[in-house]
Each structure stands twice: as structure tokens, then as C-alpha cells.
Amino acid sequence: MPAECTPSNSECIAQAARWLAEADHLLILTGAGLSAESGIPTFRDAQTGFWARFSPQDLATPEAFADNPERVWNWYHWRRTLIARGGVNAGHRAIAELARRSPTTLVTQNVDGLHAAAGSNPVHELHGNIWRERCPGCGCVDLRPIAESTDEEPPCCTACGHMARPDVVWFGETLPGPALEAAQQALERADCVLVVGTSNRVYPAAAIVDAAVRSSARVIELNPAATPVSSQVDCRITAAAGTALPALLR
Ligand code: BJW
Ligand code: ZN
């Protein structure tokens with residue numbers, strides 16, 4: 001039975017800050033809402049989310065890439081310019097600081113690389129990284145960061161010449177095993193789970209949160225809007241991450 005965090009956000013923040021300080025092992029799971037205050041759109045927010053303007057079937061599936069790689073690459077080039085322009089925000093920095101204070105596993109659905117830019121290490125990226133490219137031909141991953149440009153030519157693999165693709169996880173694709181395993185292991189030992197800025201609708205990432213609310217860990221959700229697990233978490237902070245996360249440190 002969740003200890004409903006009804007009174008006010010400031011009381012919820014005080015409660016959550018105590019739980020974070022007491023945690024022996026903290027699991028943090030983040031989503032697009034964390035980077036919203038960097039000016040990077042989320043996916044599912046009405047009006048402002050990417051999926052309010054673009055069809056996921058046309059941009060984030062292997063079929064879309066096979067059908068029109070230029071369109072897909074252009075979208076990712078444009079998103080990289082938004083990320084480079086926005087940079088890290090106070091929420092990314094606060095998460096890096098939380099991980100310095102307690103043993104923490106940081107798992108993100110975000111592909112923007114902003115956790116690492118804020119100093120978090122390691123970062124377990126469930127949906128890949130937009131700054132890397134991968135070759136579907138020979139499987140190699142180009143670890144040189146992709147230049148921030150709006151170059152419209154899809155890049156080719158330097159090893160085999162096949163057209164490369166963004167190293168991200170599209171619908172219908174499996175998630176990277178090591179990141180998923182890190183999340184599952186952290187779930188087994190975590191006594192506190194902080195879920196920030198995700199709609200908890202995309203599986204299997206959302207299954208991590210489903211499992212957390214069934215576990216004995218204290219689950220804190222930080223999101224201005226309700227999600228499918230909001231009624232089951234132990235503490236719900238309905239605020240923007242860039243404000244509430246720094247407040248949790250104070
Ligand atoms: C703020 C804020 C602020 C705003 N502060 N908060 C079980 C049930 C149903 C379906 C499935 C299932 N299992 C699998 C599926 C299918 C599918 C899926 O989940 N579909 C559902 C959407 C219906 N899953 C998959 O296909 C996955 N693969 C898979 O399961 O493989 C297994 C398999 C393979 C083959 C055969 C058989 C099985 C892969 C999912 C890949 C997701 N990829 C994307 C895009 C690619 C990466 C990229 O280009 O960026 O990843 S989709 C998009 O959604 C992106 C995100 O990482 C992901 C999650 O979104 P997120 O982060 O939650 O963002 P939003 O926009 O949804 O929410 C933002 C939240 O922030 C909101 O709640 C706001 O309120 C909040 N917010 N401002 C704090 N300032
Ligand atoms: Zn190749």
C-alpha cells in the first residue's frame with residue numbers, strides 16, 4: 001500500500017530527500033521529460049511532443065529507415081542540433097550529484113548523451129545514443145561522435161561501405177542486453193527508485209518501473225503529469241525536473 005504523498009510538493013520533496021539520503025542503493029530511471037527544460041521536445045506531450053508533429057512509424061522503425069533513410073537521418077541530424085543547442089540543465093547536474101552522494105545505478109531511455117555531459121558515469125542507455133552511428137551491414141559501431149551538422153547525406157560505414165544508421169533503438173527492436181541487465185540487477189538491490197520524466201508507456205523500460213512498484217523499494221516519481229504507475233508509487237512529486245531535482249539535494 002503506497003504511503004500517499006498527498007499534502008504538498010514541498011512535503012513530498014522533503015520526504016523524498018530523506019529517502020534518497022538513507023538509500024543504500026539508488027536506481028534512477030530517466031526519460032525525455034528530464035531534457036525538456038533543455039528545450040528538447042518530449043515524445044508524447046500533447047502539442048509539444050515529437051509524436052504530436054511526426055509519425056513514429058515514419059521515423060523510429062527499421063521499416064521507416066529501409067523505406068526512406070534520408071528522411072530518418074534528417075530528423076536525427078535536426079535533433080542533434082537541438083541537443084547541442086540546449087545542453088545540460090539543472091536536472092542532469094542534480095542527478096550527477098545524487099550519484100556522487102550514494103551508490104547509484106543510472107538508467108536512461110534518453111539518447112541525447114546529456115547525462116554523460118553533466119558528469120554522470122556510468123550511464124546505462126536503454127535506447128542507445130544519438131551521437132553514435134552503427135552499421136547494419138557489418139555491425140560495427142562508430143565511436144567517433146557524429147558531428148553536429150545538418151548534413152543531409154546518410155553516412156556510410158568506413159569498414160564495409162554499407163549505409164550506417166543512428167545507434168538508437170527503434171520500435172520492434174531489442175534493447176541492448178548490458179543496459180537492460182544493469183537495470184535488472186539494480187532493481188534487485190535498490191531500496192529506493194527515482195523515476196524522472198517518463199510517461200512509463202514504452203516497454204520494456206516501463207516494466208522496470210512496474211517491477212519497482214511491486215518490490216519493497218521506495219519509489220519516487222517526479223513528473224508534472226500522471227502516468228500509469230502514479231497511483232502505485234510511494235511518493236509523487238508533480239513538478240518539473242529542473243526545479244525539483246536541485247531541491248531534492250538541498
Ligand atoms: C517532465 C517535464 C519536466 C515533461 N520534468 N517531467 C508491452 C506492451 C505494449 C507494447 C509493447 C510491450 N512490449 C513491447 C512493446 C512494443 C513497444 C512499445 O512499448 N510500444 C508502446 C509505445 C505501446 N516497444 C518496443 O518496440 C521496444 N522493443 C521491444 O520491445 O523489443 C522486443 C521485441 C523485439 C522484436 C520482437 C519481439 C520483441 C523498443 C522501444 C524503442 C523506443 N524508441 C523510442 C525512439 C527511439 C530513440 C530516439 O530516437 O530517441 O525511444 S520511442 C520514444 O519513447 C523514445 C523514448 O526513449 C521512449 C520513452 O519515452 P519517454 O522518455 O517516456 O518520453 P514521453 O514523451 O513518453 O514522456 C515524457 C514525460 O515527461 C511525460 O510524462 C511528461 O509529463 C514528462 N515531463 N516535462 C519532468 N520538465
Ligand atoms: Zn559496416
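At 4% relative accessibility, Asn200 counts as buried, where buried means under 20% relative accessible area, exposed over 50% and partly exposed in between, with a 1.4 Å probe and protein chains only. Asn200 is found in the loop between E7 and H10, and its phi is near 55°, a positive value in a residue other than glycine. This is a predicted model, in which local features need pLDDT of at least 70 and side-chain atom pairs count only at pLDDT 80 or more, while totals for chains, interfaces and linings use all residues. Residues are numbered from 1 along each chain as its sequence is written, chains are lettered from A and ligands numbered from 1 in the order in which they are written, and side-chain values use heavy atoms, with hydrogens and water left out.

**Ligand 1**

- Ligand 1 is surrounded by 33 residues, of which the closest are Tyr76, Gly172, Glu173, Thr198 and Ser199; a residue is near a molecule if one of its heavy atoms lies within 4 Å of it.
- By class, this shell has 16 nonpolar, eleven polar and six charged residues, with Ala, Val, Leu, Ile, Met, Phe, Trp, Tyr, Cys and Pro counted as nonpolar, Asp, Glu, Lys and Arg as charged, and the others, Gly among them, as polar.
- Helix H2 (33-36) and helix H6 (69-86) each supply at least two residues of the shell; helices (H or I, at least four residues) and strands (E, at least two) are DSSP runs, numbered from the N terminus.
- Oxygen atoms of ligand 1 lie 2.7 Å from a polar backbone atom of Arg44, 2.9 Å from a polar backbone atom of Gln109 and 2.7 Å from an N or O atom in the side chain of Thr198.
- Taken alone, ligand 1 exposes 1,500 Å², and the protein buries 74% of that, the areas coming from the Shrake-Rupley method with a 1.4 Å probe.

**Zinc site**

- The zinc ion (ligand 2) is coordinated at 2.3 Å by the SG atoms of Cys135, Cys138, Cys157 and Cys160, donors being N, O and S atoms within 2.8 Å of the metal (3.2 Å for Na, K and Ca), with water not among the atoms, so sites may look incomplete.
- The angles among the four donor atoms run from 99 to 118°, and the site is tetrahedral, a term that requires all angles of four donors to lie between 85 and 135 degrees.
- Along the chain, the donors follow the spacing C-x2-C-x18-C-x2-C.
- Because Cys138 lies in the loop between strand E4 (128-134) and strand E5 (141-142) and Cys157 in the loop between E5 and strand E6 (165-168), the pair ties together parts that are 19 residues apart in sequence.
- Cys138 is partly exposed, with a relative accessible area of 41%, whereas Cys157 is buried, at 8%.

**Backbone features**

- Most residues other than glycine have a negative phi, and most peptide bonds are trans.
- Gln47, in the loop between H2 and helix H3 (50-53), has a positive phi near 70° and is exposed, with a relative accessible area of 72%.
- A cis peptide bond with omega of about 0° joins Asn121 and Pro122, and Pro122 lies in the loop between helix H8 (114-117) and strand E3 (124-125).
- Another cis peptide bond, with omega of about 5°, joins Tyr203 and Pro204; Pro204 lies in the loop between strand E7 (192-196) and helix H10 (205-214).

Note on methods:
A polar contact is a pair of N or O atoms within 3.5 Å; within protein, one must be able to donate a hydrogen and the other to accept it, and residues adjacent in sequence count only if both atoms are side-chain atoms. Four donors count as tetrahedral if all angles lie between 85 and 135 degrees; four count as square planar and six as octahedral if opposite donors are over 155 degrees apart and all others between 65 and 115; anything else is irregular.
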